[in-house]
Every structure is written in C-alpha cells, then in structure tokens.
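Take a look at the protein below. This report covers its pockets and its salt bridges.

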Amino acid sequence: MIEQGQALPKATLSELTSDGMVTHHSDVLFADKKVVLFALPGAFTPTCSAAHLPGYVALADKIKAKGVDIIACVSVNDAFVMKAWGEAHNASEIMMLGDGDASFTKALGLEMNTEGFGGIRSQRYAMIIDNGLVTELLVEAPKTFEISKAEVLLEKL
C-alpha cells in the first residue's frame with residue numbers, strides 16, 4: 001500500500017466532461033498541484049451517496065481556500081457513472097474520476113474484493129497530494145466512515 005511521502009504511481013483515470021471523454025495520466029494530473037483526493041467503494045452506494053461525496057461538496061469552497069487546486073473523487077466505476085453521480089449531487093467543484101479497470105486503485109495497493117457486491121473496488125480513503133507526493137493518507141478500516149470525511153481532511157490542510 002502506498003505510504004505518506006511516496007509519489008503517486010503512474011496510472012490512468014477517466015473523466016467525462018462537456019467536451020467528451022478525457023483520459024488523465026496521474027503523473028501529469030497531480031504534478032505541480034495541491035490535490036485532495038478521496039476514494040470510495042462505489043457511486044450511488046449508501047454511505048458514499050449519503051455522506052462521503054456530499055461532505056466534500058458542502059466543504060469544497062473551504063477546502064479550496066486552503067490552497068487546494070483540485071478536489072477529486074475516484075471510484076472503480078466508469079466515467080459515465082461518475083459524471084451522472086456527480087450531477088446528481090451537484091458536485092461541480094469535484095473532479096469525478098472513473099477508475100473503470102481498478103488500475104489506479106491497484107497501483108496504490110488500496111483495492112478490496114467485495115465479491116458478490118461488485119468485485120474489485122476501492123477501499124474508502126482520502127489523501128492530500130502535493131506535487132505528486134502523498135503528504136497525508138487516511139485509510140478507513142473496513143465498513144467504517146470516520147477519518148476520510150471532508151471535515152477531517154479540512155483540519156489536516
């Protein structure tokens with residue numbers, strides 16, 4: 001599993017924008033920027049939809065006021081699902097990134113097998129990335145939602 005102080009691995013993430021599908025390379029997307037990235041098991045799932053994403057939507061202005069260039073949400077879903085989920089939650093300030101094949105999640109070592117629920121998914125976590133380096137990493141214990149909340153991450157900035 002990735003650790004604080006390490007560089008993010010090279011991987012691709014997808015985003016559906018008004019201009020069409022964009023493939024982002026992590027080493028380029030997160031270079032020369034301060035980024036808050038949070039990940040969750042799945043779009044439209046209960047805790048993710050009721051609390052995790054809405055917390056970041058509500059605090060986006062305060063997070064960006066701390067010098068954050070990008071707030072990004074990653075899930076092992078396709079970019080179409082991530083866009084629809086973001087729109088359903090008015091997440092216009094959040095970059096909704098799909099990790100359709102879980103390659104980014106696996107490169108981080110933060111995958112989990114949910115078996116019948118959805119197969120390989122991301123663990124729930126949040127991190128602060130500064131110029132491609134992980135400066136803070138908050139990985140939740142299974143079936144918990146405490147340390148990756150927007151409120152906690154805002155305190156860490």
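Predicted model: local features only at pLDDT ≥ 70, side-chain atom pairs only at ≥ 80, totals over all residues.

## A bridge across the chain

Side chains of opposite charge can pair when their charged atoms come close. Lys64 does this with Glu93, in a salt bridge of 3.1 Å, N to O. The two sit in distant parts of the chain, 29 residues apart. Lys64 belongs to helix 2, and Glu93 to the loop between helix 3 and strand 5.

## Other salt bridges

The whole structure holds four salt bridges. One of them joins Glu87 and Lys83 at 2.8 Å, N to O. These two are four residues apart in helix 3, so about one helical turn separates them. Lys83 is partly exposed, at 27%.

Lys156 also forms a salt bridge, with Glu136, at 3.9 Å between the closest N and O atoms. Lys156 is in helix 5 and Glu136 in strand 9, 20 residues apart. Lys156 is partly exposed at 42%, whereas Glu136 is buried at 17%.

## The two largest pockets

The largest pocket holds about 330 Å³ of space. It has 15 lining residues, and Met112 and Arg124 are among those nearest its centre. Helix 2 supplies the largest share, three residues. The lining has seven nonpolar, five polar and three charged residues.

The second largest pocket holds about 280 Å³. It is lined by 19 residues, with Glu15 and Ser92 among the closest to its centre. Helix 3 gives the most, five residues. By class, nine are nonpolar, four polar and six charged.

Terms used:
Residues numbered from 1 in each chain as written. Heavy atoms only, no water. 1 Å grid on protein atoms, 1.4 Å probe; cavity = no way out; pocket = protein on both sides within 12 Å on 5 of 7 lines; lining within 4 Å. Points joined across faces, edges and corners; volume = space filled by probe spheres on them. Nonpolar A, V, L, I, M, F, W, Y, C, P; charged D, E, K, R; others polar. Salt bridge = Lys/Arg side-chain N within 4 Å of Asp/Glu carboxyl O. Buried < 20%, exposed > 50% of the residue type's maximum accessible area, 1.4 Å probe, protein only.
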